[in-house]
Amino acid sequence: RAVLSPSPGVSDAAAPSAGASASGDGEALAGVPWEPDAEHLSDWHRYSWRERPILQQPNYPDRAAVEGVVEELQRVPPLVFAGEVRRLQQRLAAAAEGNGFVLFGGDCAESFDNFSTDGIRDLFRVILQMSVVLMYGASTPVVKVGRVAGQFAKPRSSDTEMVDGVELPSYRGDIINGPENTPEARVPDPKRLVRAYNQSAATLNLLRAFASGGYASLLRMENWELDFVRNSEQGERFHELAAQMRQAIKFMEAAGVTENSPAFAETEFYTSHECLLMDYESTLTREDSTTGLWYNCSAHLVWTGERTRQLDGAHIEFMRGIANPVGVKISDKMATDELIELVRVMNPNNTPGRLTLITRMGAEKLRDHLPRFIRAIKEEGAVVTWVCDPMHGNTITSTCGRFKTRNYTAIKEELEAFFDVHETEGSHPGGMHLEMTGADVTECVGGASGVSMEDLDKAYETHCDPRLNCEQALEVAFMVADRLQRLNKAKETQA
């Protein structure tokens, strides 16, 4: 079933509230993380973050203009609905117990200039391909979550950067300022929040159509293949897998499961992004008429990164009160007791599916530090969904010094380490979080696609960090499917 909500401006989507589930209250309420009178909400409201220290926010020259934009966004329809969000929490809860796998994928940072139907479609296609590889190869339900329709803002290590000997305000993503290397472009402009909202709404409209309009049908798998991948090694592997699936589908049709079954014709697809720009996130947070809870309606799931996960900071203050599933990125820098306190703050009722912990530290550090995290979580009795981000701990500078890049081998090694540690600790590897694109880019080196350091300038298109291209992403999916299959066989042997 496609779970993306109707288009903003259509039916009850026009009401500026979180909305209700179209699937009925029984299913929706199963994903409620707490009651509206929960004790931890007594001192929380959607703007209580303003009373806390805050990092990674733009220095707008005209605060009155910001308030005007905030008032405008307070009147717009939600981008997602509370019922959809609750359903995602249920899917994440299953992954936390080893009964599913979460695939996060999408741009490092969405841009205004590169926004196109083809770009959205191609990302959707490669995520569909990867999910089929994982689902069929490992007999595991796959939760598809795009880094899309809101992944605009980016944290930076400094407020300024040197460009050709000139100090400029840092580029913080198209929702804040422009990437052009001029002082004028780098001035934060609050009007960009409205443009980001409008682009997100258009993106979601298209994704809804793809998810429910027949494009995602398993009977159309051949149409998901991108031309530049079709004759590659990964394309051939996918073609073989699709042939096997067609035979399985014919058997199911003979057994009475027709092509009109929602399981064949439609898919669930969710959206996510980093919860960074607080004026945007809090303004799109709405009270749900069904439960009385407050949902961030800018995305189904939001996460906070390494730079903004301070326990006394504004981002954690905001995220502890919204009823969405939330994620927190953690690395070797986090102390064990800090992790446990964070888990208690973010998931006070220990609700399955509420909290996703996203590790990002490189293979060697992950082997050293993930075991202590897992053991501490077990000792606490906490339920979390473990996800591996193998991208951010593996960013390097190209040999020519001009590009940031990532090596496919390092990405693969971190994912292998993630599975190895969970296998040793008896815990569940719940998902992976990738920066990737459906475009034929040359931003990450290595893998079967053969991108080398010398190839980087051929199609280096990212506005921020390097992304896996479609062939590299498919190669990751096949590798992870093999690991999941091995894990499932071990479970069957133990049973």
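Tutor: On a 1 Å grid over the protein atoms alone, a cavity is a set of points where a 1.4 Å probe fits but cannot get out, while a pocket is an open set with protein on both sides within 12 Å along at least five of seven lines; lining residues have an atom within 4 Å of a point. The model is predicted, so local features need pLDDT of at least 70 and side-chain atom pairs pLDDT 80 or more, whereas totals for chains, interfaces and linings use all residues. Residues are numbered from 1 along each chain as its sequence is written, and side-chain values use heavy atoms, with hydrogens and water left out.

Student: Which helix gives the most to the lining of the largest cavity?

Tutor: The largest cavity has a volume of about 70 Å³, a volume being the space filled by probe spheres set on grid points joined across faces, edges and corners. Its lining includes Ala 95, Thr 140, His 428, Leu 484, Leu 487, Asn 488 and Lys 491. With four residues, the greatest contribution comes from helix H14 (residues 470-494).

Student: How many charged residues does the lining of the largest pocket have?

Tutor: The largest pocket has a volume of about 630 Å³. Among its 30 lining residues, Pro 155, Arg 307, Arg 360, His 392 and Asp 465 are the closest to its centre. Ala, Val, Leu, Ile, Met, Phe, Trp, Tyr, Cys and Pro count as nonpolar, Asp, Glu, Lys and Arg as charged, and the others, Gly among them, as polar. By class, the lining has four nonpolar residues, eleven polar and, as charged residues, 15.

Student: What is the angle between the planes of Phe 112 and Phe 152?

Tutor: Rings of Phe, Tyr and Trp (its six-membered ring) pair if their centres lie within 6.5 Å; planes under 30 degrees apart count as stacked, over 60 as edge-to-face and the rest as tilted. Phe 112 and Phe 152 are 40 residues apart in the chain. Their pair is tilted, with 5.7 Å centre to centre and a plane angle of 55°.

Student: Is Tyr 460 buried or partly exposed?

Tutor: Buried means under 20% relative accessible area, exposed over 50%, and partly exposed in between (1.4 Å probe, protein chains only). Tyr 460 forms a tilted aromatic pair with Phe 403, and Phe 403 counts as buried at 11% relative accessibility. At a relative accessible area of 22%, Tyr 460 is partly exposed.

Conventions. Helix = DSSP H or I, 4+ residues; strand = E, 2+ residues; numbered from the N terminus.
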